[in-house]
Amino acid sequence: MELHRDKRDAADHRRRKKLHPTRWAAILVLLLPPYQIYAQRPQSSPLRVFLFNAQKLAETKRHIQSGDKNFDPALAKLEADARKALQQEPVSVVTKTPTPPSGDKHDYMSQAPYFWPDPTRPNGLPYVRRDGERNPELDKITDHHTLDLMEAATRTLSIAYYFSGNEDYAAKATQLLRAWFLDPATRMNPNLEYAQFIPGVNTGRGIGLIETRGLAEVVDAIGLLAGSKAWTATDQRGLEEWYGKFLQWMLESKNGREENAAKNNHGTYYDVQTTSFALFLGKNDLAKQIVETAKQKRIALQIEPDGRQLLELARTKAWGYSNGNLDGLMLLARLAENVGVDLWNFVTKDGRSIRRALEYLYPFAVGDQKWTYQQLGGFDGRSLFPLVRRAALHYHDEKFKPMISKIPALGSAERQRLVE
C-alpha cells in the first residue's frame, strides 16, 4: 500500500531531509518540481475543505511559495509533527479484545466514561454515574483511542502534504484512511450502535456519537489530499460511500435521533458532524437546513441572554464543558459559511448569541473574575484563548478590540498560523 517513488523522487526526498527545518519552506520552491509544489491539484480546481478556509489556505501557500519567511517556524514544527506521524502504524477497530454484541469486531465499541460499578451490589451492576470522573476500565476497549490516533495523524499529514507537496505524507495518510474506512479486513462499519455502553444498562447510547466528532476534520484531510499520487478516485468514492452510509445511520437510527434531540453539547456536535458530512457529499440543501435550524435549536436554546450556558454549567467540569460547547458552536458557524448562513452574528431578540457566550466566559479567562462553578481537575482560563482568536476573525468592532488585546499572541510555531 506504500507509494513507490522513482529514483529521481527518492533523490529529491534525500536532499530535502538534509535541510535545516527553518529553511525548509524558504527554498522549497527551488527544490521541488512545479507539480510537487502545487500538489498536482489543477489551479482551477476548488479545494474541498469546510472547516478550514480554502481561501486562507491558498493565500498562505502563495506567501510561502513566494519566499515569505514569516511562516518558517510553523512550517518547521508542522514538518516535525508530520515526520512523527509517518511512524504511525495503521489502526483498526478489529484489533480490540472484546467483541461487540453483534459478534462483529468491525463494529465500533466503547464504554461510557463516567459510569462506575455500584459498590452496593455484589456484581456492581448496573453501573452508576459519577459525572466528570473517568473510569479507567475504558482503556480495555481501544476503539476510541485508535480512532483518535488515526484522526490526528491524517490531519497532520494532510496539512503537511498540502503545504510541502511531499508525497510521503499523502501516501501515509492514504494508508491510514484505507485501513480505517476501506480495507475489508480492517474497516469500521459505518455505525455507532455500541458506543458508550453502560454495563448492566444498555449496549450503546446516542451520546456515543460525540466520539466521532473528529471525523469532520477527516473530511477536510481528504480534501487536502486531492491531487496527490496516493489518493485515487477509487479512494474518494469509497470514502464518500462510507460517509454517506454513516450520515444515513445518524439521521435514521435510534441512537442518531437521540443525539439529534440532545439539548447540550452533544446536540451541537451532532450538527457539526451531520453538516460536515452533508457538505462532503454535496448535500448542500441538507447542510443549510441543519445550520438554519441551529439558530433556534442550538444557539437560542443553549445560551442565556447574559451568555451563560446553563446545561454546561450544571456539569462537574463546568468551565471545560462551557468552552467545549462554544467551540462546537464556532465550528458549526464556520461550516455554515459554506452555505451562506451567518451564525457568527445571529442574535435572538433577547440577546442570545455565540458572541454573548464568549463575552460571558472572557472575564474568567483573563482573570478579571473568579470562576465559582465546579471544575474538577482545576480551572485553566487559557483554554478560551483559541476561541477568542478565532472570533477575532469575525468581530472587528471597537468593543471587541480590548478583548483580543488581553489575549497572548499566537506563537510563531503554532499550526494555526498556517490554517486560520
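Before anything else, my working rule: I call two rings of Phe, Tyr or Trp (its six-membered ring) a pair if their centres lie within 6.5 Å. The model I'm looking at is predicted.

Entry, pairs. How many aromatic pairs does a search of the whole structure find? I got 17. I picked out Trp319 and Trp371, which pair edge-to-face, with 5.0 Å centre to centre and 75 degrees between the planes. This pair links distant parts of the chain, 52 residues apart. Trp319 belongs to helix α14 (residues 318-337), while Trp371 is in the loop between α15 (354-365) and α16 (385-392).

Entry, burial. Are Trp319 and Trp371 buried or exposed? I noted both as buried. Trp371 counts as buried because its relative accessible area is 9%, and the cut-off is under 20%.

Entry, next ring along. Trp371 also pairs with Tyr373, and I logged that one as tilted: 5.3 Å centre to centre, 50 degrees between the planes. Tyr373 has a relative accessible area of 30%, so I put it down as partly exposed.

Entry, charges over rings. Which ring does Arg130 lie over? I found Arg130 over the face of Trp116, at 3.9 Å from the ring centre. I also checked Arg213: its charged end sits over the ring of Tyr269, 5.8 Å from the centre.

Key
Residues are numbered from 1 along each chain as its sequence is written. This is a predicted model: local features need pLDDT of at least 70, side-chain atom pairs count only at pLDDT 80 or more; totals for chains, interfaces and linings use all residues. Side-chain values use heavy atoms; hydrogens and water are left out. Rings of Phe, Tyr and Trp (its six-membered ring) pair if their centres lie within 6.5 Å; planes under 30 degrees apart count as stacked, over 60 as edge-to-face and the rest as tilted. Helices (H or I, at least four residues) and strands (E, at least two) are DSSP runs, numbered from the N terminus. Buried means under 20% relative accessible area, exposed over 50%, partly exposed in between (1.4 Å probe, protein chains only). A charge sits over a ring if NZ of Lys or CZ of Arg is within 6 Å of the ring centre and within 35 degrees of the ring normal.
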